[in-house]
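Here is a walk through the salt bridges, sheets and cores of one structure. Have a look at the sequence and the model first, then read on.

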Amino acid sequence: MNEDKAVARQEAARDERAMMPPVDVVEDAAGITLYADMPGVPKDRLALQVEADTLTIEGEVALALPEGMEASHAEVSLPRYRRVFTLSKELDAGKVGAEFANGVLKLRIPKAEHAQARRVEIKVT
Amino acid sequence: MVYRALFPRDVFADLDRLQREMQQAFDLSPSIRGIARGGFPAMNVGGTPKSVEVYAFAPGVDPASLDVQIEKGVLTVAGERKAEPLPEKATAHIDERFAGRFRRVVTLPDDVDAGSATAAYRDGVLHISIARKEAAQPRRIEIQ
């Protein structure tokens with residue numbers, strides 16, 4: 001029984017394994033701009049979450065694989081990207097602007113006062 | 001460009017990975033062009049009995065700048081990704097993303113029909129599909 005639970009937990013953990021997307025972070029006087037490379041993620045599989053002072057970027061890879069394909073070489077070997085950032089107090093987490101196009105996520109976080117949990121709307125241009 | 005695994009620290013998975021990497025380090029490289037891993041764009045290659053499928057993970061690239069060529073059984077993907085212009089008086093805190101010109105090559109199996117290749121760019125992934133020659137496809141032989 002306990003072993004079953006341990007196995008189930010391990011499998012759940014394995015499902016949660018994710019790749020760390022490479023990012024650029026640029027700061028100017030008005031705020032911070034973050035770019036993240038998440039190729040293969042369609043717009044509807046992208047999830048952004050701001051909670052307290054934690055920003056989580058997550059995306060699921062969905063490729064159109066032909067039936068019966070066998071991979072012979074894989075550098076992108078996990079179906080998920082995830083990266084977590086800690087925001088500093090002067091950033092206004094409530095006014096995060098997001099754009100997502102061609103696998104590149106662009107976030108704009110303006111500087112302001114307090115932070116509260118909310119989900120970020122995705123605008124695609 | 002390396003997309004590293006982040007969560008969690010699964011010891012067995014790490015050992016697996018370590019073993020795989022050791023094996024790769026000691027294997028004779030299958031291609032004269034060196035170890036294929038770790039460049040930009042990251043690439044996945046797979047095959048079905050009817051085709052060879054190549055996925056190049058090249059986010060944020062202008063499709064017009066992409067150049068895909070097949071010559072003598074070698075597939076070349078080349079292009080350029082321009083750096084985002086840094087605004088005035090801005091500071092770059094993290095700079096991990098690739099910028100500049102890139103070129104990667106993949107040696108294709110002998111049985112592909114280079115004339116039948118198709119390429120599509122979607123969600124930052126360039127997908128190239130090359131059909132195998134009819135004669136090379138597996139055929140069931142009737143027993144009489």
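## A charged network

A:D24, A:D37, B:R81 and B:R97 are linked in a network of salt bridges, where a salt bridge is a side-chain nitrogen of Lys or Arg within 4 Å of a carboxyl oxygen of Asp or Glu. This is a predicted model, in which local features need pLDDT of at least 70 and side-chain atom pairs count only at pLDDT 80 or more, while totals for chains, interfaces and linings use all residues. As for bookkeeping, residues are numbered from 1 along each chain as its sequence is written, chains are lettered from A and ligands numbered from 1 in the order in which they are written, and side-chain values use heavy atoms, with hydrogens and water left out.

(Strands, at least two residues of E, and helices, at least four of H or I, are DSSP runs numbered from the N terminus.) Are A:D37 and B:R81 buried or exposed? Both are buried, meaning under 20% relative accessible area; exposed is over 50% and partly exposed is in between, with a 1.4 Å probe and protein chains only.

Over all chains, the structure holds twelve salt bridges. In general, side chains of opposite charge can pair when their charged atoms come close.

Take A:K111 and A:E27, whose closest N and O atoms are 2.7 Å apart. They link distant parts of the chain: A:K111 is in the loop between β9 and β10 (118-119) of chain A, A:E27 is in strand β2 of chain A, and the two are 84 residues apart. A:K111 counts as partly exposed because its relative accessibility is 30%, and A:E27, at 18%, counts as buried.

In chain B, the side chains of B:R101 and B:E80 meet in a salt bridge at 3.2 Å, N to O. B:R101 lies in strand β7 and B:E80 in strand β5 of chain B, so the pair ties together parts 21 residues apart in sequence. B:R101 is exposed, with a relative accessible area of 62%, whereas B:E80 counts as partly exposed at 28%.

## A sheet across two chains

Which strands make up the open sheet of five? The order is β8(A)-β9(A)-β3(A)-β2(A)-β6(B), with antiparallel pairing; two strands pair if DSSP finds at least two bridges between them. β8 of chain A and β6 (91-95) of chain B stand at the edges with a single partner strand each, so one side of each is left without a neighbour in the sheet. Neighbouring strands here are turned by 15° against each other on average, direction ignored. The angles use axes that are lines fitted to C-alpha atoms, for helices over the stretch in contact, and run from 0 to 180 degrees between N-to-C directions.

Where the chains meet in this sheet, β2(A) and β6(B) pair in the antiparallel sense over four bridges. A:V26 stands opposite B:A92 in β6(B).

## Chain B and its own sheet

Chain B has one helix and nine strands, and along the sequence they follow the pattern β-α-β-β-β-β-β-β-β-β. Of its 144 residues, 33% are buried.

An open sheet of three strands in chain B has the order β4-β5-β7, with antiparallel pairing. β4 (67-71) and β7 (100-107) are the edge strands, each with a single partner, so one side of each is left without a neighbour. Strand β5 (residues 74-81) is joined to β7(B) by eight bridges, and B:V77 stands opposite B:R104 in β7(B).

## Two nonpolar cores

The largest nonpolar core has 32 residues, and A:L34, A:M38, A:I57, A:Y81, A:L105 and A:L107 touch the most other members. (Such a core is a set of buried Ala, Val, Leu, Ile, Met, Phe, Trp, Tyr and Cys residues joined through side-chain atoms within 4.5 Å.) Among the elements that each supply at least two residues are β3 (31-37) and β5 (54-60) of chain A, along with β3 (51-57) of chain B. Apart from this core lies another, of 19 residues, including B:A56, B:L75, B:V77 and B:L126.

What does A:I57 touch? Not counting residues up to four places away in sequence, its contacts (heavy atoms within 4.5 Å) include A:L34, A:M38, A:Y81, A:L105 and A:L107.
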